[in-house]
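Welcome, and thanks for taking a look at this one with me. Here are a few points to guide your eye.

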Amino acid sequence: MSRRLQYYGSDILRKKSVEVDPSEGAEYLHELVKDMKQLLTMERGLGLAAPQAGDNVRVFILNPDELPLGGRWVFMNPRVETGGSPIKDEEGCLSIPGVFEAVRRPSRVTVTASDLEGVRFTLELTDYAARAVQHENDHLDGILFVDRLSPIRKKLIRKQLSEIRREYAGDSRIL
Ligand SMILES: [Zn+2]
C-alpha cells in the first residue's frame, strides 16, 4: 500500500476535494477504497475520508461493524442534508491523534451517495452514524472537527495541535 495517513498540519486535509466519476475511474476507486479500508482497519477507526489517505476526492468510508448503516460503507460523491435538533457528543479523528472533544451537530442526516459500482443510494441516519457522516463529509470540504469547537476549547487544545503538527510532519510527507 502506497497511501499513508495524513495528520493535522498536512495541506491535503485543508483542500476542497473534487467529485469522482465511478464509471471512468473504476480501477483507481477500487484501489483507493481498498487502501482506505486497510488504513481504517489498522487504525481501528469509525470512518475515514479520502483526503486522510492523501487523495483529494469526494469519497469516504464508514466502519459497518461499528455503525448501523444497512450494509453500506462506501460513500462516493455524497450529498448530506441535516435535520433534527443539534446535540453534543464526543468526537475524535484519526488525523488528530489524542484529541477528543464534544462537538454540536444536527442529530439526523439524509445522505445520498454512490457505492463502489456507481449506484446511487439514500440512507436516513440518526445518532452516532449521523454524526460520523457529517464528520467525514466535512473532510471533503477541508473542514476538521476541531474547527467546530468554541473559541475557548480551541484555545485549550492549541498546544496539542501544534505538537501533532510537529510530530507527524515527517510522516505525512513520505508518500
Ligand atoms: Zn476525521
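Predicted model: local features only at pLDDT ≥ 70, side-chain atom pairs only at ≥ 80, totals over all residues.

1. The side chains of Asp147 and Arg14 form a salt bridge, with N and O 2.7 Å apart. Asp147 sits in the loop between α2 (127–139) and α3 (151–156), while Arg14 belongs to the segment before α1, so this contact ties together parts 133 residues apart in sequence. Asp147 is partly exposed at 29% relative accessibility, and Arg14 is partly exposed at 39%.

2. Next, have a look at Glu91 and Arg131, whose side chains meet in a salt bridge of 2.8 Å, N to O. Glu91 lies in strand β3 and Arg131 in helix α2, 40 residues apart. Both residues are buried. Through shared partners, salt bridges join Glu91, Arg105, Arg131, Asp138 and Arg148 into one network.

3. Another pair to find is Asp55 with Arg3, where the closest N and O atoms are 3.1 Å apart. Asp55 is in the loop between β1 (47–49) and β2, and Arg3 is in the segment before α1, 52 residues away. Asp55 counts as buried because its relative accessible area of 14% is under 20%; Arg3, at 10%, is buried too. The whole structure holds 14 salt bridges.

4. Finally, turn to the nonpolar side chains. The largest nonpolar core has 33 residues, and Met36 is among those touching the most other members. α1 gives the most to this core, with 6 residues. Beyond its close sequence neighbours, Met36 touches residues including Leu48, Val59 and Phe60. A second, separate core has 17 residues, including Phe121 and Val133.

Key
Residues numbered from 1 in each chain as written. Heavy atoms only, no water. Core = buried A, V, L, I, M, F, W, Y, C linked by side-chain atoms within 4.5 Å. Buried < 20%, exposed > 50% of the residue type's maximum accessible area, 1.4 Å probe, protein only. Helix = DSSP H or I, 4+ residues; strand = E, 2+ residues; numbered from the N terminus. Contact = heavy atoms within 4.5 Å. Salt bridge = Lys/Arg side-chain N within 4 Å of Asp/Glu carboxyl O. Lists of a residue's contacts leave out its neighbours within four places in sequence.
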